[in-house]
Amino acid sequence: MYTFDYQRPASTAAAAAAFQGETRYLAGGQSLVQAMKLRLSSSERLVDLGGIAELKGITVEPGKVTIGAMTTHAAVANSAEVRKALPALAELTGGIGDPAVRNMGTIGGSIANADPAACYPAAVLGLGATVITNQRQIPGDGFFTGLYETALKPGELITAVSFPVPQRAAYIKYKQPASRFALVGVFVAQTAGGVRVAVTGAAGSVFRCQPIEAALAKSFTPEAAKAVKVSADGLNADLHASAAYRAAMISVMASRAVVAALAR
Ligand SMILES: Cc1cc2nc3c(=O)[nH]c(=O)nc-3n(C[C@H](O)[C@H](O)[C@H](O)COP(=O)(O)OP(=O)(O)OC[C@H]3O[C@@H](n4cnc5c(N)ncnc54)[C@H](O)[C@@H]3O)c2cc1C
């Protein structure tokens, strides 16, 4: 690890003011600290968001669940309010990594990191969430722009994420057994604006799967999802799975997510 300056401000405004030059925000450190230890990432300064109370917490209102950026995965998974209003999100967070990761990792860090196999991005896209920053509101459909890339500008700080409550939703992932990240994860939601299907783990970035969305819009059944033959073009191929295998798993995971959504 390279040497760096460390600051721990007490407000969002002070954190943004401390972001000067080669700076990074530090949330749960579950991705960033490992990258720094491996010398894959170096920063002159870390601005630790852990002392900012206004970034933590969950607000459930009619039709909307808003989660502060520094809220941990465990807090979301264990929230009785989230489990009631948006059970798919509570289950998704309960399946992230292991207890240590869930107790440290945060929603803001997860979506800012935009790991192509992370779970939260599938919920952001699958529900059409809004990412709230200290500068603006970014629609979920435009937030993830590529491999570890987002629409965030340098120094822009995520303060919260607001999820509309769907009629039904579920997330199912086929785990990479060592890391527990998604080899393929599919979030399916029936919303006021139609069916949304978001896929993580299969490509360089989370994406919506229009062929399955169209099939489920006609018939919201597991059979309809499973019958879709997803193209393997552009999907990841590595030692864990070929592109063709991932393509097949998208339909299978989508059909299982529909079963779970219908069971609510
Ligand atoms: C063993 C292991 C297993 C895991 N398994 C899974 C899994 O199954 N599913 C899954 O989804 N994830 C998984 N993760 C990742 C985990 O969810 C982390 O929480 C996530 O990658 C990063 O969140 P963090 O809060 O630790 O952020 P950090 O590591 O602190 O930061 C990550 C990045 O986000 C930036 N950042 C942080 N907060 C903000 C903010 N508020 N505004 C702007 N930028 C910000 C940082 O500058 C940094 O670039 C796993 C991690 C580990 C170590």
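Arg168 sits in strand 11, which covers residues 168–175. Strands here are DSSP runs of E with at least two residues, helices are runs of H or I with at least four, and both are numbered from the N terminus. Before I go on, this is a predicted model, where local features need pLDDT of at least 70 and side-chain atom pairs count only at pLDDT 80 or more, while totals for chains, interfaces and linings use all residues. Residues are numbered from 1 along each chain as its sequence is written, and side-chain values use heavy atoms, with hydrogens and water left out.

Back to Arg168. Its relative accessibility is 31%, so Arg168 counts as partly exposed. The scale is this: buried means under 20% relative accessible area, exposed means over 50%, and partly exposed is in between, with a 1.4 Å probe and protein chains only. Apart from neighbours within four places in sequence, Arg168 is in contact with Val188, Ala189, Gln190, Phe220, Ala261 and Leu262; contact means heavy atoms within 4.5 Å. With Gln190 there is also a polar contact, side chain to side chain, at 2.7 Å. A polar contact is a pair of N or O atoms within 3.5 Å; within protein, one must be able to donate a hydrogen and the other to accept it, and residues adjacent in sequence count only if both atoms are side-chain atoms.

Next, the ligand. Where does the ligand lie relative to domain 1 and domain 2? Domain 1 (1–48) and domain 2 (168–262) both give residues to the shell around the ligand, so the ligand lies between them. The domain bounds come from an automatic or database domain assignment. The C-alpha centres of the two domains are 34 Å apart.

There are 32 residues around the ligand, and Tyr25, Ser31, Thr106, Cys119 and Arg180 come nearest. To be near, a residue must have a heavy atom within 4 Å of the molecule. By class, the shell has 14 nonpolar, 14 polar and four charged residues. Ala, Val, Leu, Ile, Met, Phe, Trp, Tyr, Cys and Pro count as nonpolar, Asp, Glu, Lys and Arg as charged, and the others, Gly among them, as polar.

Now some distances. A backbone N or O atom of Ala27 is 2.8 Å from a ligand oxygen, and a backbone N or O atom of Ile158 is 2.9 Å from a ligand nitrogen. From the side chain of Lys173, an N or O atom lies 3.0 Å from an oxygen of the ligand. On its own the ligand has 980 Å² of accessible area, and the protein covers 92% of it. These areas come from the Shrake-Rupley method with a 1.4 Å probe; for residues, only the protein chains shown count as cover. Strand 2 (23–26), helix 2 (32–37) and helix 7 (107–113) are the elements that give two or more residues to the shell. Helix 7 gives the most, with five.

Ala114 has a positive phi near 50° and is not a glycine. At 3% relative accessibility, Ala114 is buried. In helix 8 (residues 120–127), eight of the eight residues are buried, so the helix is largely enclosed by the rest of the structure. Gly128 follows helix 8, with a positive phi near 65°.

Last, Arg180, in the loop between strand 11 and strand 12 (182–191). Arg180 is not a glycine either, and its phi is positive, about 75°. With a relative accessible area of 36%, Arg180 is partly exposed.
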